[in-house]
Amino acid sequence: MSNSHLFLPSGFIRTPLQNGLGRYIPQLQRITLKFCKSHGGSRGVRDFIESDLMEFAKTNPGTVVYLKPRRHRSPCMVAEYLNGEREYLSCHEFSRDEVYKWLSYMCTRSGIPVMRFRKYQHTDYPTIQGVWNPFTHQAPEINVAEFPHEVLSKPNDQGPTATEQLIEIFKKTQMEDPANKPPN
């Protein structure tokens, strides 16, 4: 087993500013594609720009796309998120499809650095009552009782049901006000 997980920062699962509760706000603010107009390693980025860039920009109107040609340099992608994080990705020898897939991946990220989760659930407001389990609201006599137990074996009579209570209220109101009596 690898020990590489020991070097990842740890934390709790979270979402930026409760994103998605009211409406979803894409977290990718801007993407910069840096490429060379003549270098062979930039061919996939150039093909993406020629064929798929306009479609990508139309489907992601909240993301600003910058193109930065540079001479004799390896191509790369720099993504900047709303929380101020920047992500750098070298695109050397990428195909057009790989560039599109990495762009799609960066669009769906929140910008929060990759981390090892301490727990798979987290709340900012923990309960003071403790964790619920099936025995939470059971009678404490069960803990020391010898089964079969006469008292505990009886069905739990909780009184009249809600329907029975409504019928009783209806009958009381009918007896009080004879003008509202239904015809027989």
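Me: Why is arginine 30 called partly exposed?

Reply: Arginine 30 has a relative accessible area of 25%. Buried means under 20% relative accessible area, exposed over 50%, and partly exposed in between (1.4 Å probe, protein chains only). The value of 25% lies in between, so arginine 30 is partly exposed. This is a predicted model, in which local features need pLDDT of at least 70 and side-chain atom pairs count only at pLDDT 80 or more, while totals for chains, interfaces and linings use all residues. Residues are numbered from 1 along each chain as its sequence is written, and side-chain values use heavy atoms, with hydrogens and water left out.

Me: How do you know that arginine 30 and glutamate 80 form a salt bridge?

Reply: The N to O distance between their side chains is 2.6 Å. A salt bridge needs a side-chain nitrogen of Lys or Arg within 4 Å of a carboxyl oxygen of Asp or Glu, so the pair qualifies. Glutamate 80 belongs to strand S4 (residues 76-81) and arginine 30 to strand S2 (residues 28-35), so the contact ties together parts 50 residues apart in sequence. Strands (E, at least two residues) and helices (H or I, at least four) are DSSP runs, numbered from the N terminus.

Me: Is glutamate 80 buried or exposed?

Reply: Its relative accessibility is 15%, so glutamate 80 counts as buried.

Me: Which residues are linked with Glu80 in a network of salt bridges?

Reply: Arg30 and Arg86 are linked with Glu80 in this network.

Me: What makes arginine 96 and aspartate 52 a salt bridge?

Reply: Their closest N and O atoms are 3.0 Å apart, which meets the distance limit. The two residues are 44 apart and link distant parts of the chain: arginine 96 sits in helix H3 (residues 96-108), and aspartate 52 in the loop between helix H1 (43-51) and helix H2 (53-59). Arginine 96, at 36% relative accessibility, counts as partly exposed, whereas aspartate 52, at 13%, counts as buried.

Me: How many salt bridges does a search of the whole structure find?

Reply: The search finds four.
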